Amino acid sequence: MTTPADGLPASATDNGSAVIRVLSYNIRSMRDDNAALARVIRACEPDLVLIQEAPRFFRWRKAAARLAAATDLVVLSGGATAAGPMLLCSLRATVERTEDVLLPLTPGLHRRGFATAVVRIGGARIGVLSAHLSLQTDERYEQAGALLDRLAGMGVEHAIAGGDLNERPGGRSFRRLAGALQDCHQVAPWGGEFTSTPGDPHQRIDAVFATRGVQVLGCGVPLGLADPDDLLAATDHLPVLAALRIPTPTR
């Protein structure tokens, strides 16, 4: 396994484990500078991209396909069918199954959902979930519980969840997730901490979480990788990049 100059381990396959890069990113329906967005994603060299606010309306599938093509990735699941969350992956991933999940609708609030998949990378079997939690406090807390239930029901030993939580680490929904999973930035801080807003980063409302058996090698905003101008132009959030070591089954 190599460690680039930025200090975050690169993707690799070792005996007994796979090192993967996971990027979580709110892309605001691709309403900003899409060329800058693609450059940010490519600079991070992710194996998996957990997107929030993917295009959901007119010709949304074509917009998702354009983003995937521009970043040398493929669309795995989600988009309008998950009410905004979407998953992209590199060709390193072998897809076992996908499922888009719509959460209960609260009248007067936006519909929310999860984009989920089970993939295999370098022999490791991984559950993946992208989420964008509610702006409303009580609904957000219930959705955090639904996220944990969904991960527990995926039938995998190792899982990763990421997204826009619309809440800081001290909030009860964030604490609910961090109590059951590893908050990757807290476990192994790397890069920047705050994800909102790009012009004035002052709060961490986006995160990557992993189940306990996953080794977190580093996680944070990829300030040393992506061009600062591109981070400002791409969308209204900063991305979170994690390097994770996933054990592979013993034979």
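A polar contact is a pair of N or O atoms within 3.5 Å; within protein, one must be able to donate a hydrogen and the other to accept it, and residues adjacent in sequence count only if both atoms are side-chain atoms.

I noted that this is a predicted model, where local features need pLDDT of at least 70, side-chain atom pairs count only at pLDDT 80 or more, and totals for chains, interfaces and linings use all residues. Residues are numbered from 1 along each chain as its sequence is written, and side-chain values use heavy atoms, with hydrogens and water left out.

**Arginine 245.** I looked up its place and found strand β13, residues 240–247 (strands are DSSP runs of E, at least two residues, and helices are runs of H or I, at least four, numbered from the N terminus). Its side chain makes polar contacts with the side chains of aspartate 14, at 3.1 Å, and serine 17, at 3.0 Å.

**Aromatic rings.** I counted one aromatic pair (ring centres of Phe, Tyr or Trp, its six-membered ring, within 6.5 Å; planes under 30 degrees apart are stacked, over 60 edge-to-face, the rest tilted). The rings of phenylalanine 174 and phenylalanine 209 have centres 5.6 Å apart and planes at 65°, so I wrote down edge-to-face. Phenylalanine 174 is in helix α4 (residues 172–180) and phenylalanine 209 in strand β11, so the pair ties together parts 35 residues apart in sequence.

**Tyrosine 141.** I found the charged end of arginine 172 over its ring, 4.2 Å from the centre, and that of arginine 176 over the ring too, at 4.3 Å (NZ of Lys or CZ of Arg within 6 Å of the ring centre and within 35 degrees of the ring normal).
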